[in-house]
Amino acid sequence: LASKSTVEELPLFAMLGVLGGMLGALFNYLWEAKMQRHKALPPKTKFMVIMGASLFTSSLLYFLTFILQDHSCAEKDNFRSRDDDTTIDDVTDDDNVEVVDDKDFWLEFGCNNANQTNVLASVFFQSREVVIKKLLEDAKSFDTSLLVVMLIAFFPLMVLGFGLAIPTGVFMPTILVGCIGGALFGKIVIHFKSMDHDHDGYLSSLNNDRICNHMALVGAVALLGGIQRSTLSLCVIIMEGTGQVQMLIPIIITTVISRYFGNLFTEGLYEIGLHLKHVPFLHNHIAHQYYMMRVCDVMQPNVVTLTPLESVGNILNALRHCTHNGFPVVTSGGNLCGVILRSQLRMLLKNRIFFDAHVMRGERLFPGPSFHGRSSSIDEALQVPLHARQDDYALNSHQADLGEFSDAEREMKVNLLRIMNQGPHVVLDTCPLSRAYSLFISVGLRHLVVLDTTGQVVGILTRKDLVGLMNYKPVIRQRHEDSRRTETLIPQVCVMWCGVVWFDVVWCGVLSCVEVSSCVSYERMSCVCKRALVCEHFEPDLHIVGCNG
């Protein structure tokens, strides 16, 4: 593997970064479409898909090797071996470069001559790490047409295999496909260099071996950046895996470019996986529309609340009829006392930590396993750890059975004051949505209680509310051909609970009229049609006239 790069190669690295980003975006798009269909299949059908994918992969590789064996067989002397006197790119012993032994790599699959080797069979049937090493150390010796066949074969198989219940992974196949694509790009560069050799052009100063080896390495970096969209971690992994400290600048340039161009088309692989799993993932970037919105425009107003001294029956109804993770605890006047988690309520009911409201000192009324083997008092019983274990399905699942409770037990009371979080994060309903969003991504909140100016609970904001808002794109159309060009209407127009809303915005004395004909639907509202007067730029003060909401 070559250890030095030149300034003349930087444009080639940038081009490879662009291609890697686009190819990675294509992989993410195809993989997401495949997984959406695969998730809807029944278990038996998924098993048949796995069997079919395995059979198809093996059959395709053997079929390609068999029909192309005449073209794939090449002389072993065309490839460098460990015994050659000349090392690749003049690698010395001080470089600590591991060279793959040809006797362990090349296969004579279908070749008539003992001095020949089947290149496709060697690449298809050898271990992936050995193939990657061979491509990195001697990419120039591979025929261009065979590299095309490898790329066409491996890329669809990588899309097909990743995500199924088979041990395929994505990291090593991505490096392999990236090395093949980079080596192919290097061969194309060498072809143009041979055409431009007589004119002493830009490419004439580049070494052929150096070009192929560098392009193979950078190709793997480009495809990894285009698929995973990693930056620092990817650079560190490649540096540690290859030991090529001199290639740090090309690796950084390629990673940044591939990530940028990949983001123009699709999200990263892991972000797509989170969406497929319905995980409410929030990006670190705060959209500029959030600075003009309030929390009350997005929050859920119908909040399931509990009282500090709540009955077992009400807790059971709350757990069985909703899937909320946290419940605000309020006084009889609606003022917030704290927040208690779903797992804590389950643990309270599981350990029968409830008492008769008439018992002041708190003797336990019902037999059962004593806490720590001896205590039945309220104070000591409430000191039992109430955090749900990760492996306890009965505590984490919304559908889990809570057991049977008698009518007498349902009338018992549970003291939530000793268990709940009495200092939760809260915001006012008039708080800018950007500030609430910043709390979610910086503190890692799952829910945020919304209060009014009197301290009463008026709503709750969750990650799912913000994720649903991120997907909103208002539709704007021009009403007058001679009117000035308008920008996208702010989301506040569509999330307000009004029948018809008119916004009067004054900007330089010129107005442009636009109409919003479609908008996102929330559980608490139904937007049909809203019209607004908006300019190319708008002032912070919006005058709402005739709003019936």
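User: Hi! Which helix is Tyr270 found in?
Analyst: Hello! Tyr270 is part of helix 12, residues 269–276. Helices here are DSSP runs of H or I with at least four residues, strands are E runs of at least two, and both are numbered from the N terminus.

User: Thanks. What should I know about the model?
Analyst: This is a predicted model, where local features need pLDDT of at least 70 and side-chain atom pairs count only at pLDDT 80 or more, while totals for chains, interfaces and linings use all residues. Residues are numbered from 1 along each chain as its sequence is written, and side-chain values use heavy atoms, with hydrogens and water left out.

User: Back to Tyr270, then. What is its relative accessible area?
Analyst: Tyr270 has a relative accessible area of 46%, which makes it partly exposed. On this scale, buried is under 20%, exposed is over 50% and partly exposed is in between, using a 1.4 Å probe and protein chains only.

User: How far apart are Tyr270 and Ile227 in space?
Analyst: Their C-alpha atoms are 8.9 Å apart, and the two residues are 43 apart in sequence.

User: Zooming out: how many helices and strands does the protein have?
Analyst: There are 20 helices and 14 strands. The protein has 549 residues, of which 44% count as buried.

User: Which residues have the most contacts inside the largest nonpolar core?
Analyst: Those are Phe27, Val119, Phe124 and Met150, in a core of 65 residues. Helix 9, residues 208–228, gives the largest share of this core with 11 residues. A nonpolar core here is a set of buried Ala, Val, Leu, Ile, Met, Phe, Trp, Tyr and Cys residues joined through side-chain atoms within 4.5 Å.

User: And what is Phe124 in contact with?
Analyst: Leaving aside its neighbours within four places in sequence, Phe124 is in contact with Leu61, Leu64, Thr65, Met150, Ala153 and Phe154. Contact means heavy atoms within 4.5 Å. There is also a second, separate core of 22 residues, which includes Leu306, Ile315, Ala318 and Leu319.

User: Which residues of helix 13 are buried?
Analyst: In helix 13, residues 312–321, the buried ones are Val312, Gly313, Ile315, Leu316, Ala318 and Leu319. The buried residues of this helix pack against several elements, including strand 3 (309–311), strand 4 (326–330) and helix 14 (342–350).

User: Helix packing next. At what angle do helix 7 and helix 8 cross?
Analyst: Helix 7 (residues 144–161) and helix 8 (residues 171–195) cross at roughly 150 degrees, and their axes come within 9 Å. That makes helix 7 roughly antiparallel to helix 8. The crossing of helix 7 and helix 8 is left-handed.

User: How do helix 1 and helix 7 cross?
Analyst: The axes of helix 1 (residues 10–39) and helix 7 come within 9 Å and cross at roughly 40 degrees. Helix 1 and helix 7 are therefore oblique to each other, and their crossing is right-handed. Among the residues making the contact are Phe27 and Trp31 of helix 1 and Phe155 and Met158 of helix 7.

User: How many bridges pair strand 8 and strand 9?
Analyst: Strand 8 (residues 447–451) pairs with strand 9 over 5 bridges, in the antiparallel sense. Val449 stands opposite Ile460, and His447 opposite Thr462. In their hairpin, with 5 residues between the strands, Gly455 has a positive phi near 90 degrees.

User: Last one: is Arg229 buried or exposed?
Analyst: Arg229 is buried, at 6% relative accessible area. This residue sits in the loop between helix 9 and helix 10 (232–242), and its phi is near 60 degrees, a positive value in a residue other than glycine.

Terms used. Pairing = 2+ DSSP bridges. Axes fitted to C-alpha atoms, helices over the stretch in contact; angles between N-to-C directions. Parallel < 35°, antiparallel > 145°, perpendicular 65-115°, else oblique. Left-handed = near helix turned anticlockwise from the far one by under 90°.
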